[in-house]
Amino acid sequence: MRKKTNRKIWWAISIVVVLAAALAIWRGAIFMREEAQMPESASTGSTVEVPEGALSIVDEGATPDDDTDDLAAIQATLDRAAAEQVAVYIPPGNYRLSGILVIDGVELLGDGADQAILTSTNPENGSIDVEGDGAVLSGFAHVYETTVERGNGANDKNSITLRGATNFTIQGLKIDKSSTAGIFVGDESANGTIRGNSLQNTGADGIHITNGSSNVTVEENSVRKAGDDTIAVVSYEENSKTTQDITIRRNDVGYGSKARGISVVGGENVTIENNQIRDTEMAGIYISVEKEWDTRNVKNIVINENTIEHTGTRLGSEHPNILVYASQGIIDEVKFNGNTISNSVHGGIGVWGDGEIGNIYFDANKLENTKGLATNFKSGTIHSEGNTGF
């Protein structure tokens with residue numbers, strides 16, 4: 001009896017070991033799959049390579065992890081770096097800024113967004129302003145200690161403000177809280193890349209490109225809980241140029257954001273592709289000319305292979321997952337190709353408005369699990385081929 005009992009115990013132990021090993025393998029596979037699906041924006045904790053000869057803000061008088069104001073020391077370091085044409089390094093630690101920091105064509109490099117942190121202490125005056133040619137911001141976090149209401153939307157309350165910058169790179173930053181926009185690209189800024197950043201809790205748009213800016217690529221960013229649109233291309237009639245030649249790809253956005261997902265409200269030659277857009281209060285993708293804000297016409301917009309899911313959640317908004325809307329001006333040559341549009345609250349796709357809407361193309365899109373009308377085409381010349389669920 002004792003031998004049989006021991007044999008049963010060993011069999012039970014063996015089964016438990018095998019099951020535990022199988023569970024560990026399964027969990028590992030799930031983890032690896034989730035890691036593979038994460039946008040590169042999740043890499044904001046990684047370090048960057050600091051060029052030889054870079055100036056350290058600590059060597060110039062900044063002191064981490066205390067209550068002193070480091071603005072003057074960091075600005076002096078940036079000014080010296082601009083004169084000497086070298087980079088600036090942010091060692092690990094939390095540094096406090098009492099006002100606006102100006103970067104004029106300089107590389108500002110940190111030890112990773114979880115290590116090097118710049119904290120703005122004035123919610124009305126905390127932007128990091130980027131000017132000149134060739135600026136690089138990489139590998140640090142910019143957070144606001146407190147915020148105020150968006151109010152007049154002043155750019156001084158943004159997290160990052162591009163003011164006529166050219167050939168710029170904004171990469172691997174963590175932006176947490178701002179009273180207005182997270183990253184604002186204005187004053188005809190041109191030839192820039194905004195890549196792999198993590199933005200959350202902004203008072204206005206997560207990433208806003210406007211004022212005739214051009215040739216900007218926005219890719220592999222994460223935007224959560226934006227106070228307005230997550231990523232927006234905007235052109236106002238008062239601007240001297242139309243915002244144009246913008247590429248928005250492989251971003252993961254929404255998740256409690258207060259307005260639209262990705263929008264073009266006045267602009268030309270914009271490509272929106274391979275983005276994940278979920279849980280926004282208004283349309284996931286919004287293409288518009290607005291009388292309400294006196295925006296410019298829209299032309300040549302390509303929307304390829306995006307996933308738009310459960311957007312337009314705000315009660316009373318009646319925004320479908322995708323909305324093309326003109327209350328003035330002209331929208332023409334807008335092409336939706338191979339998008340997946342699902343789990344709507346107020347309908348799948350809408351095209352309407354009193355403005356002039358020209359050619360709108362839908363090719364090989366998939367529409368599923370729609371509440372309300374699958375499509376609501378009140379305006380425009382609609383071209384539809386190879387779609388499902390329409």
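**Rings, core and sheet in a predicted model**

Reader: What makes the charged end of Lys-335 count as sitting over the ring of Tyr-361?

Author: In this predicted model, the charged end of Lys-335 is 5.4 Å from the centre of the Tyr-361 ring. The cut-off for the distance is 6 Å, with a further limit of 35 degrees from the ring normal. The distance of 5.4 Å is within that cut-off, and the charge is listed as sitting over the ring. Arg-224 is another case: its charged end sits over the ring of Tyr-255, 3.7 Å from the centre.

Reader: Why is the pair of Phe-336 and Phe-362 called stacked?

Author: The ring centres of Phe-336 and Phe-362 are 5.0 Å apart and the planes meet at 10°.

Reader: Is Phe-336 buried or exposed, and how do you know?

Author: Phe-336 has a relative accessible area of 1%. Buried means under 20%, so Phe-336 is buried. Phe-362, at 2%, is buried by that rule too.

Reader: What makes the pair of Phe-362 and Phe-390 edge-to-face?

Author: The planes of Phe-362 and Phe-390 stand at 70°, and over 60 degrees counts as edge-to-face. The centres are 5.8 Å apart, which is within the 6.5 Å needed for a pair. Phe-390 lies in the segment after strand E36 (381–385), so this pair ties together parts 28 residues apart in sequence.

Reader: Why is Phe-390 called partly exposed?

Author: The relative accessible area of Phe-390 is 34%. That value falls between the limits of 20% and 50%, so the residue is partly exposed. Ring pairs join Phe-390 with Phe-336, Phe-362 and Phe-377 in a cluster.

Reader: Which residues touch the most other members of the largest nonpolar core?

Author: They are Leu-118, Ile-183, Ile-287 and Phe-336, in a core of 70 residues. Helix H2 (residues 71–84) gives the largest share of this core, 5 residues. A second, separate core has 8 residues, among them Val-234 and Trp-352. Beyond its neighbours up to four places away in sequence, Phe-336 touches residues including Ile-287, Val-324 and Phe-362.

Reader: How do you know whether Ala-72 is buried or exposed?

Author: The relative accessibility of Ala-72 is 60%. Exposed means over 50%, so Ala-72 counts as exposed. Ala-72 lies in helix H2.

Reader: What makes strand E25 and strand E28 a pair?

Author: Strand E25 (residues 285–289) and strand E28 (residues 322–326) share 5 bridges, in the parallel sense. At least two bridges are needed, so the strands pair. Within this pairing, Ile-287 stands opposite Val-324 in E28. Both strands belong to an open sheet of 11 strands with parallel pairing.

Reader: What makes strand E4 and strand E35 the edge strands of this sheet?

Author: Strand E4 (101–104) and strand E35 (375–377) each pair on one side only. From one strand to the next, the twist averages 10°.

How values were computed:
Residues numbered from 1 in each chain as written. Predicted model: local features only at pLDDT ≥ 70, side-chain atom pairs only at ≥ 80, totals over all residues. Heavy atoms only, no water. Core = buried A, V, L, I, M, F, W, Y, C linked by side-chain atoms within 4.5 Å. Buried < 20%, exposed > 50% of the residue type's maximum accessible area, 1.4 Å probe, protein only. Helix = DSSP H or I, 4+ residues; strand = E, 2+ residues; numbered from the N terminus. Contact = heavy atoms within 4.5 Å. Axes fitted to C-alpha atoms, helices over the stretch in contact; angles between N-to-C directions. Phe/Tyr/Trp six-rings, centres within 6.5 Å; stacked < 30°, edge-to-face > 60°.
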